[in-house]
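The explanation below starts at a protein–DNA surface and then turns to aromatic pairs. Please keep the model open while reading.

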2 protein chains.
Amino acid sequence: MGESSLTSDWLARRADLAPCPNCHLRSLCLISAIEPQHLKAVSGHIKVLKPLRRGDVIYRAGAPTRKLFIVHAGAAKTSLNWHGGHEIICDYHLPGDTLGLDGLHTGLHTTTSVALETTHLCELNRESLGQLASGHPVLRERLCQDISRALARSQRHQLEISAKTAEQRLACFLLDLSTRLHARGYSPSAFRLPLGRHEIAKHLGMRTETLSRLLAGLRKKGFLSLEGREVRLLQQDRLRGLAGN
Amino acid sequence: MGESSLTSDWLARRADLAPCPNCHLRSLCLISAIEPQHLKAVSGHIKVLKPLRRGDVIYRAGAPTRKLFIVHAGAAKTSLNWHGGHEIICDYHLPGDTLGLDGLHTGLHTTTSVALETTHLCELNRESLGQLASGHPVLRERLCQDISRALARSQRHQLEISAKTAEQRLACFLLDLSTRLHARGYSPSAFRLPLGRHEIAKHLGMRTETLSRLLAGLRKKGFLSLEGREVRLLQQDRLRGLAGN
DNA sequence: CGCAAACTTGACTGAGCTCAATACCGGTGG
DNA sequence: CCACCGGTATTGAGCTCAGTCAAGTTTGCG
């Protein structure tokens with residue numbers, strides 16, 4: 001049985017699609033920087049998109065950045081690829097995360113973003129963002145914070161990829177996922193992986209085969225149990241020791 | 001003989017330390033987003049620091065982010081380290097680059113920044129930044145752009161580290177440096193490395209020994225000549241082919 | 001039910017790491 | 001001016017972690 005997927009869970013909680021004032025995401029979302037009494041006015045700028053299915057492209061590298069997106073429910077990945085062949089997954093995104101921030105400097109997206117499962121997005125175009133930012137200093141502060149957070153995450157990931165062993169990287173990934181799910185109200189020790197094996201491997205800079213072996217290894221050592229995408233972390237403390245933070 | 005170092009060159013060009021209105025950096029610098037007629041008023045917020053020497057710490061991971069810094073002349077590195085032992089160099093910074101952007105989200109620096117040679121910085125505290133941003137929409141747009149650019153650089157670096165061979169990473173590094181120096185008015189094909197071998201290696205996620213061997217290899221293949229830190233790119237096109245962008 | 005995609009497991013290989021020795025270079029003091 | 005010294009760079013030899021290639025196996029979807 002296990003937990004149901006992110007999507008169905010979030011869907012169950014959403015009484016309706018009414019935008020920000022009733023949104024359950026609260027402080028996780030960029031928009032929460034706007035004072036409650038102004039939220040209703042702001043809602044006009046936020047468009048709630050109809051659900052995307054796994055594999056749907058949110059934006060493509062090279063396309064103009066006209067909008068930002070916020071994950072309302074579901075999950076997405078952001079990837080970079082290299083003359084057709086190679087692809088890496090820069091990051092994965094959970095509810096509350098803002099998508100498209102890397103396109104602000106040139107006005108063109110540098111990455112491609114794709115839904116990982118059935119996903120609901122909120123859309124905010126750049127002009128609206130500019131207008132809102134003028135009136136709400138807290139919002140523009142928060143926007144900088146969100147880009148800055150993405151930067152810090154990316155740098156931490158750099159460290160992991162370039163200085164840790166494959167097993168340590170996997171441990172870091174599992175712990176990061178656990179923490180982020182926890183922050184969103186889920187169990188930190190039993191969850192469903194939002195990415196497939198191949199995708200996790202591409203995120204961690206290793207081959208699918210290596211990842212598979214490592215997962216088998218961690219299972220044998222009793223750090224976790226897993227069937228398919230359902231994971232249960234059995235010894236988070238030891239996993240943390242392995243990851244070495 | 002070769003080119004003199006970044007520092008002495010920039011120093012030679014600087015007639016005096018008069019801040020922004022006469023600054024030679026122009027559009028490379030964040031502050032250039034402010035309209036020329038307002039620059040004089042703004043200058044009060046910008047403090048020009050006395051020169052740092054190689055190894056001087058600009059800020060340390062964990063310390064509160066009260067200021068941003070802009071490299072006026074010289075160079076700096078930004079690094080992340082991992083329980084004392086391991087260190088990686090996330091990025092290196094040339095004149096015009098803004099330092100401290102990764103600390104905006106928590107208000108604490110996540111990285112440590114250190115001068116690579118004699119370096120002049122301009123300092124801008126966060127309150128000033130906030131004030132300026134209120135009055136100058138273009139400036140706040142530019143701030144977002146600069147953070148966004150740092151993010152995109154970091155992601156590209158992720159790709160390089162996790163999907164390219166050591167030799168390709170080295171080629172990418174040399175080309176990136178060449179491009180950035182060119183943008184600052186230097187020769188793209190003959191320059192002095194701002195980082196030592198050990199530092200370059202830590203930036204590229206490899207060992208010093210490996211880097212040394214690769215440099216020797218590229219020299220033998222006729223891609224470049226080098227003595228000490230002075231590099232001359234002899235076949236940029238082939239280097240580009242190797243790097244594969 | 002059947003097929004393709006996703007995942008696992010095994011055996012072998014090789015790029016890059018480790019350990020170790022040597023060479024070089026810039027600065028300091030006699 | 002030279003001799004010395006410590007940090008920096010190069011080169012060599014052997015080893016190892018993770019990649020590659022190749023079968024299987026399981027899963028999920030039409």
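In this predicted model, H7(B) provides the largest share of the surface near DNA strand D, with 4 residues. Helix H7 (208-220) of chain A, helix H6 (197-204) of chain B and helix H7 (208-220) of chain B each supply at least two residues of that surface. DNA strand D is surrounded by 15 residues, and the closest are A:Ala166, A:Thr210, B:Arg197, B:Ser212 and B:Arg213. Of the atoms of DNA strand D that come within 4 Å of the protein, 61% belong to sugar and phosphate. Sorted by class, the surface near DNA strand D holds 6 charged, 6 polar and 3 nonpolar residues.

Individual contacts reach both phosphate and base. A backbone N or O atom of A:Ala166 is 2.7 Å from a phosphate oxygen of DNA strand D, and a polar side-chain atom of A:Thr210 is 2.6 Å from a phosphate oxygen of DNA strand D.

B:Tyr59 and B:Phe69 count as stacked because their ring centres are 6.3 Å apart and their planes meet at 20 degrees. B:Tyr59 belongs to strand S2 and B:Phe69 to strand S3 of chain B, so this pair ties together parts 10 residues apart in sequence. Both B:Tyr59 and B:Phe69 are buried.

A second pair, B:Tyr92 with B:Phe173, is edge-to-face, at 5.7 Å between centres and 70 degrees between planes. B:Tyr92 lies in strand S5 and B:Phe173 in helix H5 of chain B, so the pair links parts 81 residues apart in sequence. B:Tyr92 is buried at 1% relative accessibility, and B:Phe173 is buried at 3%. B:Arg180 lies over the face of B:Tyr92, 4.6 Å from the ring centre.

Definitions and conventions
Residues numbered from 1 in each chain as written. Chains lettered and ligands numbered in written order. Predicted model: local features only at pLDDT ≥ 70, side-chain atom pairs only at ≥ 80, totals over all residues. Heavy atoms only, no water. Near = heavy atom within 4 Å. Polar contact = N/O pair within 3.5 Å; in protein donor to acceptor, adjacent residues only side chain to side chain. Nonpolar A, V, L, I, M, F, W, Y, C, P; charged D, E, K, R; others polar. Phe/Tyr/Trp six-rings, centres within 6.5 Å; stacked < 30°, edge-to-face > 60°. Buried < 20%, exposed > 50% of the residue type's maximum accessible area, 1.4 Å probe, protein only. Lys NZ or Arg CZ within 6 Å of the ring centre and 35° of its normal.
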